[in-house]
2 protein chains.
Amino acid sequence: MGEQVDMASEEMLINAAVTSWKIVIGRLDKGIQALGEEQLQRQVAPGKNRLYYLVGHLTAVHDRMFPLLGLGEKLYPQLDEPYVTNPDGALPDPLSADELKKAWSEVNSKLTAAVEALTPREWLQKHTQVSDEDFAKDPSRNRLAVFLSRTNHASFHAGQFVLVK
Amino acid sequence: MGEQVDMASEEMLINAAVTSWKIVIGRLDKGIQALGEEQLQRQVAPGKNRLYYLVGHLTAVHDRMFPLLGLGEKLYPQLDEPYVTNPDGALPDPLSADELKKAWSEVNSKLTAAVEALTPREWLQKHTQVSDEDFAKDPSRNRLAVFLSRTNHASFHAGQFVLVK
C-alpha cells in the first residue's frame, strides 16, 4: 500500500514462523530421542510406515531444505534414496538408530540456525526450485512458503508418531 | 532495525501464512467431503479416535478461533463438549454426518474470510487469551502465533486421517 512501516514488524512476523517451526521440531525431538531401536521399528498403524522410516524421512526432507533454501549442501545425502525416493521397506536402513537420531538432531539444529540468520527480505526471495521467470509471475514461491510447508509436513507426521504406544 | 520498508513485504509474509492455512484446510476438506457416515465412524488406528471425532474436534477448535482472534462469536458452541472437553466416545455426536461436514465447511470458510481481512498490524496484535500486561512482556503472543499453531494442529490430525483406508 506504499505505507512506511519499520522493520520490527517484519521481524515479528518472521519470528512467529520460526517459533512455530521450533515448537513442532522440539516436540518431535523429545519423542524421538526417547525411543530405542526396538520402539523405532514399530509401525504407526498396521501395515503403515515404521517410526524409523518417519525419522529418516523427516531428516532427509529437512536436509533437502539446505539446497532448496539456498543455505548450503545436504549433510546426509544417503538418506534420500531409502527415505524419500522409496517407500518403507524397499531399501535397508543405512544408519543405526543412534546414528539416525544424531543425524535428525544435527540437520535440524543447523537448519534452524541458518534460517534464524535470514532477513525478512531474504525470506521473501525465491527458493532454488523456481526459475527467475516463474518467480516474477508468482512471487509467493519464496523461502517462507517452503518453510511453512515443511513445518506443516513435520506436524503431519508428528500426528502419526503419537499413535504408537 | 529501524530500516524503512514498504507495506508490501509485510503483506507478502502474511500471505504466505494464510496460503499455508488454506492448503492444509483444502486438503483436509477434500478428504472429509468424500467420506460417508460409515467411513467417518472408522478409527485412525485401533483404539484411537474416529474420523468423526477428528472432524468434530477440528471444527470446534477452528470455531474457537473466532473469539480467540477477536473475530466474533462461535458458530457451533455445542461442539465444544463432545469434541474438545471430552475424549472420543464420552458423549453422543450432536450432529449427523452431513450436518457435521456442513459445520466444518462453514466454520473454515467464514474463518478464512475473516483472517484474510486482517492487516499486518492486526496480525501482530494480541490474541484475546493473553492479558495486556503479559502481552507487553511477550509481544510474540499475537494473532499470527495462534494462527500458525492452529495450522500445525490441523496438519497434525491430517497425518492421522490418511492412515484410514
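Tutor: Helices (H or I, at least four residues) and strands (E, at least two) are DSSP runs, numbered from the N terminus. The model is predicted, so local features need pLDDT of at least 70 and side-chain atom pairs count only at pLDDT 80 or more, whereas totals for chains, interfaces and linings use all residues. Residues are numbered from 1 along each chain as its sequence is written, chains are lettered from A and ligands numbered from 1 in the order in which they are written, and side-chain values use heavy atoms, with hydrogens and water left out.

Student: At what angle do H3 and H6 of chain A cross?

Tutor: The axes of H3(A), residues 51-63, and H6(A), residues 97-116, cross at roughly 30° and come within 9 Å. H3(A) is therefore roughly parallel to H6(A), a label for angles under 35 degrees, while those over 145 count as roughly antiparallel, 65 to 115 as roughly perpendicular and the rest as oblique.

Student: Which residues make that contact?

Tutor: Contact means heavy atoms within 4.5 Å. From H3(A) the residues include Tyr52(A), Val55(A), Leu58(A) and His62(A), and from H6(A) they include Leu100(A), Trp104(A), Val107(A) and Leu111(A). By class, the contact of H3(A) with H6(A) has nine nonpolar, four polar and one charged. Here Ala, Val, Leu, Ile, Met, Phe, Trp, Tyr, Cys and Pro count as nonpolar, Asp, Glu, Lys and Arg as charged, and the others, Gly among them, as polar.

Student: And H3(A) with H9(A): how are they oriented?

Tutor: Their axes come within 11 Å and cross at roughly 175°, so H3(A) and H9(A) are roughly antiparallel to each other. Val55(A), Leu58(A) and His62(A) are among the residues of H3(A) here, and Arg150(A), His157(A) and Phe161(A) are among those of H9(A). The residues divide into seven nonpolar, five polar and one charged.

Student: What about H3 and H8 of chain B?

Tutor: H3(B), residues 51-68, packs against H8(B), residues 143-161, at an angle of about 175°, with the axes 11 Å apart. H3(B) is therefore roughly antiparallel to H8(B). Met65(B) and Leu68(B) are among the contributors from H3(B), and Val146(B) and Phe147(B) among those from H8(B).

Student: How many salt bridges lie between chain A and chain B?

Tutor: The count between chain A and chain B is zero. The interface takes 39 residues from chain A and 40 from chain B. Its buried area is about 3,500 Å², with 65% from carbon and sulfur atoms; this is the accessible area (1.4 Å probe) that two parts lose on being put together, summed over both.

Methods: Axes fitted to C-alpha atoms, helices over the stretch in contact; angles between N-to-C directions. Salt bridge = Lys/Arg side-chain N within 4 Å of Asp/Glu carboxyl O.
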